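These are my notebook entries from a reading of one structure that was new to me. I put down what I looked up, in the order in which I went through it.

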Amino acid sequence: MTTPLLQVRDLRVHFNSPRRGFGKPAPVIRAVDGVSFDVYPGQTLGLVGESGCGKSTTARAILNLTGNAHRDGQVYLDGSRIDHLKEGGMRWHRAKAQMVFQDPFASLNPRMTIGKIIREPMRNFNVYDSDEDERLEVVRLMELVGINPRYMNRYPHEFSGGQRQRIGIARALAVNPKLIVCDEAVSALDVSIQAQVINLLMDLQQNLGVAYVFISHDLAVVRHIAHYVGVMYLGRIVELADADDLYRNPHHPYTRALLSAAPVPDPEQNVSQNRVKLEGEVPSPDIEYAGCPFAERCPEVLPHCKSTQPQLSAQAHQISCLLYEDY
Amino acid sequence: MEFHTDSGVVQAVNRVSFDLYPGETLGIVGESGSGKSVTNLTMMGLIAQPPGKVVGGSVKYADRELLSLNQKQWQQIRGKKISMIFQDPMTALNPFLTVEEQLVEVTMLHMGLSRTEASKHAVELLKKVGIPAAEKRIRDYPHQFSGGMRQRVMIAIAISCQPDILIADEPTTALDVTIQAQILELMKSMQEEFGTAIIFITHDLGVVASICDRVMVMYAGRKVELSTTINIFRQPRHPYTVGLLNSAPRWDQGEEELQAIDGQPPDLLDLPPGCSFNPRCQFVQDACLNETPPLFSLENEIPHQHACLRDITTLKEDV
């Protein structure tokens, strides 16, 4: 097998939350609590989960964007370790890994023309020697993402949400990255436009061989775009497998509950669907669990789940659940 | 319904007609700017005029014309006979009042309950919508509840007078899927208990398929298709509906490429002549460029209305 482009090992990100009272210790938010995965060149890893499961923090932690949070574990990008780097050292790795954000309104500078926005990363990393080469590359990128290069001198507000997301993708591609981290990149778009952007991302992968870490709460979108999918709950990956395998054959009780809660656009399917109902809500991430963090809501909880920490199994279909420990 | 803006007149809702029957759930689907929310805000008399202006039309509830009501008459109906829940319960609830005060306010006003009766009623309601430790939580403020719990509080307020109609505007869009499933379940059971008719506004076709009896599809302020949920999903007749269904990703079937609808969402200030969907339609004909399509009704056993000039009985096979 090829060597992974990105290796994440036992990643932990803890935030200090504000004190809840005078003299009381500040609770620690365990946003990401021991996450490991590999991403291979030209492939897509999807990370799914509900709000607060740590998927976005994971995305940011990979690219050293978690600020003052306490971070632990190792991240290897294209063979070099990057998790311990300061901003200066990280800079030269940023050309290899870029990011596309959720909000196409907030992530483009409103005072720059889109031509300048797309050109800026090329300038930062001195990709091209002459202005003319840069301009030609901007034209090529705009055509690549389906924006007419005639509009190069327009400003972001003159574009719709879907077009802005295309501009954000062109900017990410400007330095020929090997990896793009997409954090809810299509979540703010209408269905018909969302499908356009998903198809664009998949075409680009096919033509350019770029790898994605695709973060989304939308199980259906991830199914379409990802080769491998990791399901996260309370800062951990509870199941990680080949996308088809995971959706056809979900093992972890949380994955099964999540899938059965997600409605399918098919009225007959929904009637026949066998619902695994989850009671309650995701608990606060400031508790340290002795056992499985999902045990309290798990419909199939075993007596020792609350005291024994499950480990992610080593098979191709990885599961972190005591129900499958022997399997 | 028109809006007068600095850049011109926007016809946000254009000749939309539909009926709502007791106890049914009607879904209104469409993308941003299709007019689905404005339709319902207009029905509720909640559009500020100006900038809004109702140019024509009629909304009848139990033989009463709602569009000609004054504020005082409206207050007799809003919250009592017709109530509403919104997408964002944090902005819809008053952050300065406890949940109890917000619940009690409604029943004291509309049902003439005394403070103690209303309080008791409020605790009952919170229990009914599944809030644990209701007696204690009722004295909490909205920010002390999670998103899903706040939406339950909203539902409790909305059903407190057992309204005939509940308008739900994207009530689960901001929620996680497992919580969304809980809220949909709750709305169904409330409907069974009180026989409330629900208008469910959403852009999520999965939610439509799981909760609605009938569906109205809107595009650029117009109704483009209306039929039973099964019919809309099985035999869609408008090219936009077909496109919408084909572009929705499904987690239960993966590999094939999504069929996106080409082009950009419509600009309401600058709609093309003829059918608004014509720049994006793969079946566009000459007539579509000049003529606004009328509404065709197919009166089979199941009524099915659609606004497309092309006879697309064979559309499904074409695609």
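**Confidence.** I began with chain A of this predicted model, where the mean pLDDT is 87 and 95% of the residues reach at least 70. I then looked up where in chain A the confidence is lowest and where it is highest. Helix α10 (residues 267-272) of chain A has the lowest mean, 66, whereas strand β3 (residues 44-48) of chain A has the highest, 95.

**A sheet in chain A.** I followed strand β3 of chain A into an open sheet of seven strands with mixed pairing, whose order is β6-β7-β8-β3-β9-β10-β11. Which strands stand at the edges? They are β6 (97-100) and β11 (318-319) of chain A, and each has a single partner strand, so one side of each is left without a neighbour in the sheet. For β11 of chain A I checked the pairing with strand β10 (residues 236-242) of chain A, and found that the two run antiparallel and are joined by two bridges. Within this pairing, A:L240 has A:Q318 in β11 of chain A as its bridge partner.

**The nonpolar core.** Next I looked up the largest nonpolar core, which has 176 residues, with A:L179 and A:V213 making the most contacts inside it. Helix α7 (residues 147-159) of chain B gives this core its largest share, eight residues, and both domain 1 and domain 2 of chain B contribute at least three residues each. Around A:L179, with neighbours within four places in sequence left aside, I listed the contacts, among them A:L5, A:L6, A:V39, A:V210 and A:V213.

**The two domains of chain B.** The domain assignment divides chain B into domain 1 (2-212) and domain 2 (236-250 + 258-315), and their centres, taken over C-alpha atoms, are 30 Å apart. How many residues of each are in contact? Nine residues of domain 1 of chain B meet six of domain 2 of chain B. On the domain 1 side, strand β2 (residues 8-11) of chain B gives the most, three residues, and that side is made up of three nonpolar, five polar and one charged residues.

**Between the chains.** Last, I turned to the contact of chain B with chain A, which takes 35 residues from chain B and 34 from chain A. On the chain B side, α8 (177-194), α9 (205-211), α10 (229-234) and α11 (239-247) each supply at least two residues. By class, I noted 17 nonpolar, 13 polar and five charged residues on that side of chain B.

Key: Residues numbered from 1 in each chain as written. Chains lettered and ligands numbered in written order. Predicted model: local features only at pLDDT ≥ 70, side-chain atom pairs only at ≥ 80, totals over all residues. Domains from an automatic or database assignment. Contact = placed C-beta atoms within 7 Å. Helix = DSSP H or I, 4+ residues; strand = E, 2+ residues; numbered from the N terminus. Nonpolar A, V, L, I, M, F, W, Y, C, P; charged D, E, K, R; others polar. Core = buried A, V, L, I, M, F, W, Y, C linked by C-beta atoms within 7 Å. Buried ≥ 20, exposed ≤ 12 C-beta atoms within 10 Å, placed from the backbone. pLDDT = per-residue confidence, 0-100. Pairing = 2+ DSSP bridges.
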